[in-house]
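Hi,

Here is the structure I said I'd pass on.

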Amino acid sequence: ARAAEDMRIPAYDEDRGRGLLRHAVVRMGYATDECLLTVVTNGKGIAHEREFVQRVRARAPFVTAMAQNVNQRRTNAILGHESRPLFGGGKMVDELLGCEFEIGPTSFYQTNPAQTEVLYSLAIEGAGLEGGMRVLDAYCGIGTISLVMARRAGKVIGAEIVPSAVTDAKANAARMGDAVAAKSRFFCADAGQAAARLAAEGLRPDVIMLDPPRKGCDEATLSAVVQMSPRRVVYVSCNPSTAARDAAWLEAHGYHAEKVQPVDLFPRTRHCEVVSCYTKTM
């Protein structure tokens, strides 16, 4: 804010839809000293951009990368769909469960990495992975759960609707070396469409990982899951009510919940994550 004030770069006025600087989003590495600063702007150009970046770096030397995100919509959503690097590649790296992940301005990454490790450990434990097993991660994001599982599984397929996240997932697989990259496949598709397509191809995964948004899974996704007939389904949810709804559907279609474990990622709030582990009964 001080750097912008010094250069007379106007702040965004929500009521009038004018001004340039809307938000500054800071992401800090949990296991690294890296820091990504994303400047959200109401327009693509930043006047005297190089000087602006230099002033920010002088005031905040702990920032290791900086990006611009463009959001010109009249909305309360913070981030837009278009981003570009300003320095440091516009991305940061963090580590979860011994795996490094490259994180960009729009990458989904849990805000409480310490508890995320607990959450993912429970999910991987519930998958009961053994060598040679095939895994489908239907909401893979940047590949965080997929690639941790790939170290134990024989093959991991990740589907994600956000193109930039798929690009990041592929890059993160490459970061982990040839052995993991060779066992990993990521493609861009809606979870329901991806599951239906893979079911039509005759894919028979041993484990399906579901980590949907708050609205949960639609019936098309759950139907395709049942059609692929995995031995286990692991469901990670940020909304217990939709998780309960989808649990009832899975129970009615041949899967039994053998374990349900809440995990508190958001202390002092009413929100929590839930890991549910299902086994095939029919």
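One thing before the details: this is a predicted model.

I'll start with a loop. R268 sits in the loop that runs between β12 (255-263) and β13 (273-280). Most residues other than glycine have a negative phi. Is R268 buried or exposed? R268 counts as exposed, because its relative accessibility is 86% and the cut-off for exposed is over 50%.

H48 is not a glycine, yet it has a positive phi of about 55°. You'll find H48 in the loop between β2 (35-41) and α2 (49-59). With a relative accessible area of 60%, H48 is exposed too.

Now for the inside. The largest nonpolar core has 41 residues, and the ones with the most contacts inside that core are L129, M149 and V275. Which helix gives the most to this core? That would be helix α3 (residues 113-127), which puts in 6 residues. Setting aside residues up to four places away in sequence, V275 touches L119, L122, A123, V234, Y235, V236, K259, V260 and Q261. There is also a second, separate core, made of 28 residues; among them are A159, A189, A199 and L210.

D168 lies in helix α5 (residues 163-175). D168 counts as buried because its relative accessibility is 5%, and buried means under 20%. So what does D168 touch, leaving aside its neighbours within four places in sequence? D168 is in contact with K91, G104, S107 and I142.

V26, M28 and F62 make a nonpolar surface patch of about 310 Å². Of these, V26 belongs to strand β1 (residues 21-28). V26 has 49% relative accessibility, so it counts as partly exposed; exposed would need over 50%.

Cheers

Methods: Residues are numbered from 1 along each chain as its sequence is written. This is a predicted model: local features need pLDDT of at least 70, side-chain atom pairs count only at pLDDT 80 or more; totals for chains, interfaces and linings use all residues. Side-chain values use heavy atoms; hydrogens and water are left out. Patches are made of residues with over 30% relative accessible area and no salt bridge: like charges are joined within 9 Å, nonpolar side chains (Val, Leu, Ile, Met, Phe, Trp, Tyr) within 5 Å. Accessible areas come from the Shrake-Rupley method with a 1.4 Å probe; for residues, only the protein chains shown count as cover. A salt bridge is a side-chain nitrogen of Lys or Arg within 4 Å of a carboxyl oxygen of Asp or Glu. Helices (H or I, at least four residues) and strands (E, at least two) are DSSP runs, numbered from the N terminus. Buried means under 20% relative accessible area, exposed over 50%, partly exposed in between (1.4 Å probe, protein chains only). A nonpolar core is a set of buried Ala, Val, Leu, Ile, Met, Phe, Trp, Tyr and Cys residues joined through side-chain atoms within 4.5 Å. Contact means heavy atoms within 4.5 Å.
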